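Thanks for coming. I will take a few minutes to go through one model, starting with charged pairs and ending with helix packing.

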Amino acid sequence: MKKESLHKLLPVIGLVLFIAALTLLSREMRAYHYQEIVQRLKEIPSLKILFAACLTAFGYLAMTGQDALACRYTGVKLPYRKIAFVSFVSSAVSNTIGLSALSGGAVRYRLYSEWGLSAVEITRIVVFCTVTLWFGLLLTGGMALLLEPSVMPGVVHLPFVSAHPLGILFLTAITAYLTLVITRQETLRVGEWKVRLPSLPLTLAQMVFASADWLLAGSVLYELLPSSPMLSYPAFIGIFVVAQTAGIISSIPGGIGVFEVVMITLLSHLMPTDAVLGSLLAFRGIYYLGPVMLGSLLLGA
C-alpha cells in the first residue's frame, strides 16, 4: 500500500519541482529581455558549435560501447551495427524524455525483440545500461568534486564547508560496488531478485565507457559557454554532474527547467546569466533535440 501511494506521489512531486524550477528560472530571467538571450546565442562562434556537434557524436558513440558491454554480459551475440543502432535511438529518446529505464527501455524492447531476444535478456540489458549511467555519474562527479571541492559552497547553501564529502560519498558507492564484484562473483540476492554480478574486467570497462559518456556530454556545454579564467574544466564537470543529478531525480523530461536553474545558479557568479542561458539553449539543441530527431527518423525508417 505504501509503495502504491509513493508511486502515485511521484508524478505530483515531479510537477511541483517543474513548477518551482520554472518560477526560479522566470525570476532569474526577469532582468533580461529575450532579445538579449537570442543575441548571446548568435554570438557563439560557428566553430564552437561544430566542435560541440563533434563531441556529441563521440558521446553517443561511447554509449554504443555500453550496450555492447550489456550484450556481452547477457550472453547475446549481435552484430555491432545492430547494437549501435539500438543504442543511439534509445539513448537519444531517454536523454530527451528522461526515465531512461522506461523510455530507453521501451525502445530497446521494441528493437531487440524483433531480433529474437527474450524479455529476460532485454531486461538484463536495460538494467545493465541504467546501472552504467549511474556509475559514470558517480565516478566523474566524485573525481571532479574532489579535484575542485570549492565550486559549490560559496553559491549553494550546503550543510558542509567543502564539497569534499559529496565527492567522497560518490566514490564510496563506486568503491563498495567494486569490492562486491571482487569478493563475490556468484549470484547476488536482493530480496526476491537474483542478480549475476559482472566480472571485474567487464565492470572496469563499464566504468570507462560510462565516464567517457558523462565527460563528453559535459564537454559539449563547456565548449558552448563563454570562456572564464575562474572556471576550470574539473570545476565545471562537478557543477554539470550536480545539475544533471537534480534533473534526473526530478523525473521531468530531460530535466528541463531543473537542470537550467541549477546551472545558472552555480555559474551566475562567473559569467553573465544571459550568456549562460544562451549556451544552455544551444546545448539543448545540439545534444538533445538533434539526436532525438535523427533517432526518430531512423526508428521510423
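Is R110 buried, partly exposed or exposed? R110 is partly exposed, at a relative accessible area of 47%. Keep in mind that this is a predicted model, and the values I quote are computed from it.

R110 has a partner. E114 makes a salt bridge with R110, and the closest N and O atoms are 3.1 Å apart. E114 has 55% relative accessibility, so E114 counts as exposed, the cut-off being over 50%. The two residues sit 4 apart in helix α5, so about one helical turn separates E114 from R110.

How many salt bridges are there by this rule? The count is 3. The general idea is simple: side chains of opposite charge can pair when their charged atoms come close.

The next pair is R108 with D67. Their side chains meet in a salt bridge, with 2.9 Å from N to O. R108 belongs to helix α5, residues 100-114, while D67 belongs to helix α3, residues 46-74, so this pair ties together parts that lie 41 residues apart in sequence. R108 is buried, at 7% relative accessible area. D67 is buried as well, with a relative accessible area of 1%.

Then there is R284 with E260. Here the salt bridge between the side chains has an N to O distance of 2.7 Å. Helix α11, residues 273-300, carries R284, and helix α10, residues 258-267, carries E260, so the pair ties together parts 24 residues apart in sequence. R284 and E260 are both buried.

Now the overall layout. The secondary structure amounts to 11 helices and 2 strands. Along the sequence the pattern reads α-α-α-α-α-α-α-β-β-α-α-α-α. The protein has 301 residues, of which 46% count as buried. Among contacts with a separation of 6 or more, 70% are between residues 24 or more positions apart.

L61 lies in helix α3, and L61 is partly exposed, with 46% relative accessible area.

Last topic, helix α4. This helix covers residues 80-97, which is 18 residues. From first C-alpha to last, α4 reaches 25 Å, close to the 26 Å expected at 1.5 Å a residue. Which residues of α4 are buried? They are I83, A84, V86, S87, F88, V89, S90, S91, A92, V93 and S94.

Two packed helices are described by the angle between their axes and the distance between the axes. For α4 and α11, the axes come within 8 Å and cross at roughly 130 degrees. Where does that angle put them? The two helices are therefore oblique to each other, since an angle counts as roughly antiparallel over 145 degrees and as roughly perpendicular from 65 to 115. The crossing of α4 and α11 is left-handed.

As for the residues that meet there, the α4 side contributes F85, F88, V89, A92, V93, N95 and T96. On the α11 side they meet Y287, Y288, P291, V292, L294, G295, L298 and L299. Of the α4 residues in that contact, F88, V89, A92 and V93 are also among the buried ones.

That is what I have for today.

Notes. Residues are numbered from 1 along each chain as its sequence is written. This is a predicted model: local features need pLDDT of at least 70, side-chain atom pairs count only at pLDDT 80 or more; totals for chains, interfaces and linings use all residues. Side-chain values use heavy atoms; hydrogens and water are left out. A salt bridge is a side-chain nitrogen of Lys or Arg within 4 Å of a carboxyl oxygen of Asp or Glu. Buried means under 20% relative accessible area, exposed over 50%, partly exposed in between (1.4 Å probe, protein chains only). The expected span of a helix is 1.5 Å times one less than its number of residues. Axes are lines fitted to C-alpha atoms, for helices over the stretch in contact, and angles run from 0 to 180 degrees between N-to-C directions. Angles under 35 degrees count as roughly parallel, over 145 as roughly antiparallel, 65 to 115 as roughly perpendicular and the rest as oblique. A crossing is left-handed if the near helix is turned anticlockwise from the far one by less than a right angle, and right-handed if clockwise. Contact means heavy atoms within 4.5 Å.
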